[in-house]
Amino acid sequence: MYQNEAANSSFCFINRWNLPQNEDYQNEPTSAILDYCKRTFLRPYMIILSLVGLNPISTDTTKCRSFLSYFQCLSLVVVLIFGYFLQYLSSYRGDRGFSTNLKSLHLTDENASLASQPDYNASQTIGELIFGYVIPFLLDLAGYVSAIICCKFIDQEQLQNLIERTFLMSMQPKRLCRILWLHIALAFIIFGCLYAYVVPVVVMQPTIIKVKWLSHMETDLGLSVKILLLLTIAAQDIIEIIILSSYCIECYLLKIHLMTLSQKLLLHSIDSLDWMREILEFRKLLDRLNNHVSIPVCFFIVMNLAYAFAGFIFMFKDFDFHYSALKIVILNFINVVLWLLLGLMPFFMASSLTHACQTVKGNGHFLRVRPFLYHNTSTDDLNSMLMFASTLDMSAKLFRMPIQSNYLCFAILVLSIVVLTMGMCFNLSLLGMF
């Protein structure tokens, strides 16, 4: 019954979206959906993942292509490490930019050049070195390396299988494709906003190198150092954005997959035994998400939230809110909000998936109160379905903890109160008039 339903829905999909109706598609209608999935989303999405070396290596990949893929990952790791070293030399931090830009950029160019000359005699403390540079860089590198291990060695073609299964199960494949591309578009918009903060901060900074024994490079390679800094920061941000967006896309795919299974069960378009088999397969995909895909995301969450909180504290503590510095205030405030959004976005997607998992537990009760849908099904089978659905314990996890919307709302409430309290305690005035 399930295969007949898939064939009928696939045939309707061919007629509705004007796909080729040759003999091959008529004999195997599901191939139309798979072809549509590969052409419109799967292949372009794999190209996007390959930009940062996170495309899975299939079993039929040649040794030459596998070697090039691993070499690309190694090259990106080297670029990231070089970028970390360059950011340390220039005293650039993701939560606040340069240490001198906030007090000098609102001045005139002549005064800024005088006011922001590097203090070569100044040295960074051990705490600033460890917590401001070493730990965030290690978190970022660990996130990328764990993503490589997950994509290259553990999951391989699991992501492709999830995408194809969801398209086959979906009743509206075209709408699903549009929403998936919307996720990717929003991710690149966030990347553009992050980079829109970095570019003016780096370009307007009069001096880059803050280390005394490298200060002579400023006159000869000042522009080159700025370009290298911008490129390495761009590589660092695009890798993180793609990994986070991939996690959000997988959460959404699993949610749609589960909701479609529930809808088919309630409409009696799938046999109860087949539904239970599909749920068990879904649990395997969910365990993969919780045990493997979420690991690099957790590293980035810690780094992003740390950047956001450090940026808030730095703004409230060191900013001098006057008209001349208002553009710097707005620029850094947007930067902090973006880091906070990147830190909370996986929690929102995980909580949405958890809500869908909890909804499935009530499917058995719906069947028992509406027996006319299953009037040919025995009472024992209905009771078995009720027990199976009621005992399901599925949820999306981050940091090995189930993510639920009520806990997430409480955390946001606490965060809002903390930010408001900090503003009151530091007696801030945005316009500097009171």
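1. Leu-344 belongs to helix H12, which covers residues 326-360, in what is a predicted model. With a relative accessible area of 16%, Leu-344 is buried, because burial here requires a value under 20%. Its C-alpha atom lies 8.0 Å from that of Leu-305, although 39 residues separate Leu-344 and Leu-305 in sequence. According to an unreviewed UniProt entry, residues 328-348 and residues 293-316 are among the stretches listed as "transmembrane region".

2. For the chain as a whole, the secondary structure comprises 15 helices and 4 strands. Of the 434 residues, 47% count as buried, while the exposed surface comes to about 22100 Å², with carbon and sulfur atoms supplying 65% of that area. Among contacts with a separation of 6 or more, 81% are accounted for by residues 24 or more positions apart.

3. The UniProt record, which is an unreviewed entry, gives as "transmembrane region" residues 67-86, 130-155, 176-198, 227-254, 293-316, 328-348 and 407-431. Two of these stretches can be set against the coordinates of the model. Residues 130-155 are 100% helix and 0% strand, with the end C-alpha atoms 34 Å apart; residues 176-198 are likewise 100% helix and 0% strand, and there too the end C-alpha atoms are 34 Å apart.

4. Helix H4 deserves a check on its length. The buried residues of H4 are Ser-66, Ser-69, Cys-73, Leu-76, Val-77, Leu-80, Gly-83, Tyr-84, Leu-86, Gln-87 and Leu-89. After H4 comes Ser-91, which has a positive phi, near 60 degrees.

5. Helix H3, by contrast in topic, is to be examined for its bend. Across residues 30-50, H3 carries a kink of about 50 degrees that is centred on Lys-38. Buried positions in H3 are Ala-32, Ile-33, Tyr-36, Cys-37, Phe-41, Leu-42, Tyr-45, Met-46, Ile-48 and Leu-49.

6. On charged pairs, the count comes to 7 salt bridges, the criterion being a side-chain nitrogen of Lys or Arg within 4 Å of a carboxyl oxygen of Asp or Glu. Asp-95 takes part in a salt bridge with Arg-93, for which the closest N and O atoms are 3.2 Å apart, and in another with Arg-96, for which the corresponding separation is 3.4 Å.

7. Which residue forms a salt bridge with Glu-250? The partner is Arg-288, with the closest N and O atoms 2.6 Å apart. Since Glu-250 lies in helix H10 (residues 217-266) and Arg-288 in helix H11 (residues 272-318), the pair ties together parts that are 38 residues apart in sequence. Glu-250 and Arg-288 are both buried. In the unreviewed UniProt entry, residues 227-254 are one of the stretches listed as "transmembrane region".

Technical notes: Residues numbered from 1 in each chain as written. Predicted model: local features only at pLDDT ≥ 70, side-chain atom pairs only at ≥ 80, totals over all residues. Heavy atoms only, no water. Buried < 20%, exposed > 50% of the residue type's maximum accessible area, 1.4 Å probe, protein only. Helix = DSSP H or I, 4+ residues; strand = E, 2+ residues; numbered from the N terminus. UniProt positions renumbered as here; feature names shortened; annotations may be inferred. Bend = angle between axes of the 7 residues up to and from the residue. Contact = heavy atoms within 4.5 Å. Areas by Shrake-Rupley, 256 points an atom, 1.4 Å probe, with all protein chains shown as cover.
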